[in-house]
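I opened this notebook to record what I looked up in one structure.

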Amino acid sequence: MKQLRDRMIGVRDLAYSNRRKRGFISFCQSTPIHFFIVLEVGIAQLGGKKLNFEKLVQLLPGNLGSRSTIGYVLDDFVRLGYMSKSVGEDKRKRVFAVSKTGMQSLDDYFEKRQVSLKEVA
């Protein structure tokens, strides 16, 4: 149990540290829907797929937020430059992509998290 406690402390400290800093990771951690949206868009993007609003609404659990909430969060990501919105293959639908700096921040975040969990293992 001490090992579990130490892991939890490591994750908590990393989360608090990221929360104090302003920027992409802090914004992603502001609510669960922010975090899940960036994960879904990033996973699709790294898999060579493009994710539009309708597909994103289908992927996210309904208890995270309404369609309008998802739309507002996506608009905030785009407004802040953390994501881009472009025309997809179907010209009527817009697809979303995480910015290059956002992807780098996610990579750094997961790398630090993995290292912190290994240190207490």
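The entries below follow the order in which I looked things up.

**Entry 1. Ground rules.** I note that this is a predicted model, in which local features need pLDDT of at least 70 and side-chain atom pairs count only at pLDDT 80 or more, while totals for chains, interfaces and linings use all residues. Residues are numbered from 1 along each chain as its sequence is written, and side-chain values use heavy atoms, with hydrogens and water left out.

**Entry 2. Salt bridges.** I recalled that side chains of opposite charge can pair when their charged atoms come close. I took a salt bridge to be a side-chain nitrogen of Lys or Arg within 4 Å of a carboxyl oxygen of Asp or Glu. How many salt bridges does this rule give? I recorded three.

**Entry 3. Arg-12 and Asp-13.** I found a salt bridge between the side chains of Arg-12 and Asp-13, with 3.1 Å from N to O. For exposure I used relative accessible area: buried is under 20%, exposed is over 50%, and partly exposed lies in between (1.4 Å probe, protein chains only). Arg-12 is partly exposed at 39%, and Asp-13 is partly exposed at 37%.

**Entry 4. Glu-54 and Arg-67.** I next looked up the salt bridge of Glu-54 with Arg-67, whose closest N and O atoms are 2.7 Å apart. Which parts does this pair tie together? Glu-54 belongs to helix α4 (residues 53–59) and Arg-67 to helix α5 (residues 67–79), so the pair links parts that are 13 residues apart in sequence. Helices here are DSSP runs (H or I, at least four residues), numbered from the N terminus. Glu-54 has a relative accessible area of 34% and is partly exposed; Arg-67, at 44%, is partly exposed.

**Entry 5. Asp-76 and Arg-79.** I then recorded the salt bridge between Asp-76 and Arg-79, with 3.3 Å between the closest N and O atoms. Both residues lie in helix α5, three residues apart, which is about one turn of the helix. Is Arg-79 buried or exposed? I noted that Arg-79 is exposed, with a relative accessible area of 60%, whereas Asp-76 is partly exposed at 27%.

**Entry 6. Phe-36.** Which residues does Phe-36 contact, leaving aside its neighbours within four places in sequence? I recorded Leu-60 and Leu-64, contact meaning heavy atoms within 4.5 Å. I also noted 9.7 Å between the C-alpha atoms of Phe-36 and Leu-59, which are 23 residues apart along the chain.

Methods: Helix = DSSP H or I, 4+ residues; strand = E, 2+ residues; numbered from the N terminus.
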